[in-house]
Amino acid sequence: MTLMVAALAIMMGVSSCGSDDDDEPELALADQVAGSYIGNEVIMVGEDESSNGTATYKFVKSSDSSVDMTIPSSGGGAMTVPPIEVKNIKLTKSGNTITGKLEKYEGMVTNAQGQEKTINLYNVVVMFSEKTVVVTFSLKYGSMPFLMETTFTGNPSICQM
């Protein structure tokens with residue numbers, strides 16, 4: 001009888017030992033991507049490359065399924081665009097890719113001279129896949145006559161969390 005109980009215990013243990021993923025609940029989408037990402041940011045104005053350099057984008061959980069994104073300042077001198085906070089980017093998941101999209105985002109920022117400027121972002125797309133984030137958007141800053149087309153590709157900061 002003892003041998004039979006032991007055999008039953010082993011069989012139950014083997015059959016209940018599935019993937020470790022079954023034991024751990026999946027993190028909320030926002031928790032999976034929140035943090036700082038360092039990488040290359042390219043800004044195009046018309047046909048001209050306005051900026052190409054290293055930048056840090058930050059993503060903060062605003063709900064289980066959305067994040068707020070901080071776009072760092074860019075440009076220089078009188079043409080400096082201050083940091084921009086983009087609120088409530090809704091996230092979805094397909095396979096191993098988490099995506100956030102906004103058709104349009106409107107807000108206000110204060111420049112270095114203390115003036116308030118309007119910002120309009122269009123076609124914001126954020127894609128997280130395999131520890132890499134790609135962000136694309138078009139930005140209309142203040143009364144600038146041209147859109148600034150931005151592409152950022154980054155990886156999690158080593159100092160993250």
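Modeller: In strand E3, Asp 68 stands opposite Val 60. The model is a predicted one, in which local features need pLDDT of at least 70 and side-chain atom pairs count only at pLDDT 80 or more, while totals for chains, interfaces and linings use all residues. Residues are numbered from 1 along each chain as its sequence is written, and side-chain values use heavy atoms, with hydrogens and water left out.

Strands here are DSSP runs of E with at least two residues, helices are runs of H or I with at least four, and both are numbered from the N terminus. Two strands pair if DSSP finds at least two bridges between them. By that rule, strand E2 (residues 48-63) is paired with E3 in the antiparallel sense over five bridges, and a hairpin with two residues between the strands is formed by E2 and E3. E3 also pairs with strand E4 (residues 84-94), again antiparallel and over five bridges; Glu 85 in E4 is the bridge partner of Thr 70.

Strand E3 (residues 66-71) is largely enclosed by the rest of the structure, because six of its six residues are buried. Buried means under 20% relative accessible area, exposed over 50%, and partly exposed in between, with a 1.4 Å probe and protein chains only. The burial covers both faces of E3: Ser 66, Asp 68 and Thr 70 lie on one side, and Val 67, Met 69 and Ile 71 on the other. In the protein, buried residues make up 34% of the 161 residues.

Met 69 also belongs to the largest nonpolar core, which has 34 residues; Phe 59, Met 69 and Leu 121 are those with the most contacts inside it. A nonpolar core is a set of buried Ala, Val, Leu, Ile, Met, Phe, Trp, Tyr and Cys residues joined through side-chain atoms within 4.5 Å. In soluble globular proteins, nonpolar side chains tend to be buried together. With contact defined as heavy atoms within 4.5 Å, and neighbours within four places in sequence left aside, the partners of Met 69 include Tyr 57, Lys 58 and Phe 59, Ile 84, Glu 85, Val 86 and Ile 89, and also Val 124, Val 126 and Val 135.

On a 1 Å grid over the protein atoms alone, a cavity is a set of points where a 1.4 Å probe fits but cannot get out, and lining residues have an atom within 4 Å of a point. Grid points are joined across faces, edges and corners, and a volume is the space filled by probe spheres set on the points. The largest cavity has a volume of about 60 Å³, and the count of cavities of 30 Å³ or more is one. Strands E1 (35-45), E7 (132-141) and E8 (148-156) each contribute at least two residues to the lining.

Technical notes
1 Å grid on protein atoms, 1.4 Å probe; cavity = no way out; pocket = protein on both sides within 12 Å on 5 of 7 lines; lining within 4 Å.
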